[in-house]
Amino acid sequence: MLGKTANGLFWMYRYFERAENTARLIETGQRIALTRLDAGDDEWVSVLQSAGALTDFEAEAEGNPVTRDEAVDWLLRSGANASSVLSCIEAARQNARLVRTALTGEVWEATNATYMTARRILARKVSERDLPETLRTIRQHAALVRGMTLGTMMRTEIFNFARIGTFLERADSTARILDVKYYVLLPSAGAVGTSIDNVQWETILRSVSARGGFRLEYGAAGGPLEIAEFLILNKRMPRSLAFCAETVRENLLHLQQDIPDPLPSLDLVDALLAECLSQDIGAVFDFGLHEFIETVLAHLARIARQIEIDFRFYE
Amino acid sequence: MDVKGCDMENTPYFDEMWGHDARLRQPYRQFHDWFSEEDPARLRAKQREAEELFRLTGITFNVYGRAEAEERLIPFDIIPRIISGPEWSRLSRGIEQRVRAINAFLYDIYHRQEIVRAGRIPQDMISGNDAFLPHMIGVEPPGGIYTHIVGIDLVRTGPGDFFVLEDNARTPSGVSYMLENRETMLQMFPELFARNRVRPVQNYPTDLCRSLAACAPACAGDKPVLAVLTPGIYNSAYFEHAFLADQMGVELVEGHDLRVVDGRVAMRTTRGYQPVDVLYRRVDDEFLDPLNFNPDSQLGVPGIMDVYRAGNITIANAPGTGIADDKAIYAYMPDIVEFYTGERPLLQNVPTWRCSDPDGLVHVLDNLEDLVVKEVHGSGGYGMLIGPTATKRDIAAFRKKLKARPGNYIAQPTLSLSTVPIFSRQGLAPRHVDLRPYVLVSPEGIKVTPGGLTRVALKKGSLVVNSSQGGGTKDTWVQED
């Protein structure tokens with residue numbers, strides 16, 4: 001496979017994953033804003049932060065305070081925001097065109113349909129009333145691409161790069177959500193057990209579509225420690241850091257089979273798993289949750305860079 | 001439905017369905033029976049459905065000259081253009097003859113130039129021609145083939161009158177539309193294909209793959225490695241490049257995926273550099289090799305011409321083939337066919353005046369209102385004048401350009417292009433068409449795909465069929481004998 005193709009696949013799926021994650025963050029923000037009586041626009045600051053879009057947003061807003069409308073628009077459809085849902089879908093489709101020959105007809109058509117739909121429903125500012133329907137449509141289309149990918153693609157290296165892109169992005173997203181909200185999970189946060197905490201914890205779980213899974217694992221008794229454990233170390237939770245890292249590893253192992261020299265990127269993933277994701281949650285808190293998340297984010301960035309080199313994405 | 005819609009009154013043009021005298025022609029008989037029983041509302045729905053199918057599969061082209069690269073659909077018309085078996089066999093014999101002559105001509109002008117020595121073409125038509133590539137002098141292309149893929153543009157003016165308008169010997173495009181048009185018709189009207197015996201076109205990608213592999217250089221293994229070279233996703237025909245690579249199951253590469261490694265052209269894969277044997281390039285000569293041609297090209301491969309001259313890669317079509325479809329050389333095509341095949345040309349040329357020639361220029365200037373004037377190196381319908389439909393002001397402006405650079409233009413009479421009905425809002429309506437059949441050439445022989453791409457001018461009375469100028473396409477049927 002061409003290095004360029006591997007690159008295109010990696011980014012196509014990264015962008016789709018990012019679009020979906022951003023859509024989910026908007027949904028969470030909206031939900032929290034509606035259910036909190038004292039709802040100000042603070043929640044949107046942390047949503048923007050989790051989406052990695054706050055700095056650019058503030059630069060664009062030129063000192064004006066964050067409002068709900070502007071935050072949603074920025075995250076959903078702003079062309080100036082490279083991580084907006086629309087920008088991501090456009091970038092995913094652009095990459096898909098680049099790697100058209102590596103995709104099945106079904107995946108390409110699902111991608112193209114997603115793009116055409118997104119362009120249509122995000123052509124104008126989305127009103128608060130239409131927001132749930134809009135987000136639902138985007139989620140359904142993202143699911144269609146994923147479904148066609150799982151259902152029609154050969155399990156060759158093409159599939160491996162698609163998965164690696166998806167799960168590196170997902171790990172990044174989960175880590176960023178934790179990075180923004182880590183303080184509400186700290187035992188020293190003081191206000192343990194108050195309703196604010198419950199809302200904040202719920203925010204975190206919603207941001208990764210994990211409320212149901214969390215209840216299944218921990219019942220109704222789960223607190224901040226368990227949430228952190230669930231999102232970081234749980235091997236069955238498809239958005240946890242451990243699960244994502246493990247999936248990236250499996251796909252790299254598959255690629256390694258055809259390559260005589262050991263892949264440096266595989267070593268880096270092994271290091272991430274061994275150093276960060278094989279301990280118990282107590283050790284993570286002892287180390288410091290914030291510092292731990294920063295370490296993981298640095299690992300993820302290194303892995304992504306090494307994959308570019310190992311598979312000759314660029315010259 | 002009433003098949004002779006309001007617009008099918010007698011016109012001075014030959015209609016391929018209704019002839020000159022509004023009597024249904026034989027090839028359309030079956031189709032006509034089917035069509036007359038169809039509900040127009042259902043057909044209109046089908047027309048929309050076709051558009052949806054095209055949009056979803058992404059069969060688009062990018063429009064040049066716009067601020068934002070915009071993807072557009074080429075409009076598709078659901079009424080097929082039908083050619084009878086005997087009509088086609090005459091045509092394809094003529095096409096084969098012409099393509100054989102073009103290859104022989106290219107070999108000759110890059111070697112001994114017998115045709116110039118024989119005085120059939122003036123020396124400066126060759127050596128003074130921008131499309132002549134001195135780098136190709138004395139080069140032996142693998143398999144002796146210059147034009148692996150040709151698209152001959154034909155027009156028709158009467159039952160038996162076909163003219164060659166242009167020989168596309170560089171990188172003819174549009175074959176993906178031929179294939180997708182058929183695919184769409186098969187999906188929408190399966191019953192039509194059960195009734196009509198239409199010769200298949202779907203083997204084209206397999207034939208292309210086989211034909212290219214048969215031209216592989218000596219250094220290639222049993223299974224030659226093929227690749228399609230595209231200028232990239234912003235090129236107007238990117239969809240087609242991806243489509244063909246996908247259909248052949250070969251890599252789609254850009255210049256920066258390739259480099260010369262150990263005397264071979266190799267592509268950068270996830271496991272290192274892998275040599276390519278045959279490169280189906282959709283990049284123009286000028287941009288092919290920044291070391292040998294345009295030094296600013298980002299689209300080519302530095303040094304590929306040296307590998308080519310050493311015989312270690314096949315470039316399809318060969319560099320320098322542009323001289324064969326040059327509009328100034330076109331006028332000599334009847335001589336060229338006769339010179340190399342020893343036969344009378346089976347396909348007619350359109351009478352052509354070269355404005356570089358003083359007598360020609362005078363004639364053209366005197367008759368601008370009746371002529372079509374084209375730029376010698378132009379393509380895609382840009383920069384041309386269609387006298388009969390142009391305004392006085394257009395003609396005056398063109399006259400100035402023509403006088404300033406006469407050598408830049410040729411002129412031809414306005415042909416009475418045949419029409420084929422399209423499905424318009426009011427029913428059937430005649431529109432002008434042309435035909436581009438696709439030809440594959442290899443040492444194993446010449447293969448003409450039955451049919452080709454029919455382009456249709458959708459605007460009433462218009463003679464310009466180019467997609468960039470509002471033309472559409474039709475499925476083209478060749479009937480089994």
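**Starting at a loop in chain B**

Mentor: B:D262 counts as exposed because its relative accessible area is 76%; the cut-offs are under 20% for buried, over 50% for exposed and partly exposed in between, with a 1.4 Å probe and protein chains only. Before we go on, residues are numbered from 1 along each chain as its sequence is written, while chains are lettered from A and ligands numbered from 1 in the order in which they are written. The model is predicted, with local features needing pLDDT of at least 70, side-chain atom pairs counting only at pLDDT 80 or more, and totals for chains, interfaces and linings using all residues; side-chain values use heavy atoms, with hydrogens and water left out.

Back to B:D262: it sits in the loop between β8 (258–261) and β9 (264–269) of chain B. Those labels come from DSSP runs numbered from the N terminus, with helices being H or I of at least four residues and strands E of at least two. Phi of B:D262 is near 50°, a positive value in a residue other than glycine. B:A22 has a positive phi too, near 60°, and lies in the segment before α1 (29–36) of chain B. With 24% relative accessible area, B:A22 is partly exposed. One more backbone feature in chain B: B:A316 and B:N317 are joined by a cis peptide bond, omega about -10°, and B:N317 belongs to the loop between β12 (314–316) and α12 (327–330).

Now for a covered stretch. In strand β20 (residues 438–442) of chain B, 5 of the 5 residues are buried. B:Y438, B:L440 and B:S442 point one way, and B:V439 and B:V441 the other. In a regular strand, side chains alternate between the two faces of the sheet. β20(B) pairs antiparallel with β4 (residues 149–158) of chain B over 3 bridges, pairing meaning that DSSP finds at least two bridges between two strands. B:I149 has B:L440 as its bridge partner there. With β21 (residues 445–448) of chain B, β20(B) also runs antiparallel, joined by 4 bridges; B:V439 is partnered by B:V448. The link from β20(B) to β21(B) is a hairpin through 2 residues.

Last stop: where the chains meet. Chain A puts 27 residues into the contact and chain B 26, a contact being heavy atoms within 4.5 Å. Together they bury about 2,500 Å², 46% of it on carbon and sulfur atoms; buried area is the accessible area (1.4 Å probe) that two parts lose on being put together, summed over both. A:L2, A:R97 and A:T101 supply 27% of the area chain A buries against chain B, more than any other three residues. There are 5 salt bridges between the chains, each a side-chain nitrogen of Lys or Arg within 4 Å of a carboxyl oxygen of Asp or Glu. A:D258 and B:R271 meet in a salt bridge at 3.4 Å, N to O. On the chain A side, α1 (3–35), α5 (85–98), α6 (105–121) and α8 (157–185) each supply at least two of the residues touching chain B. Of the chain A elements, α6(A) gives the most, with 5 residues.
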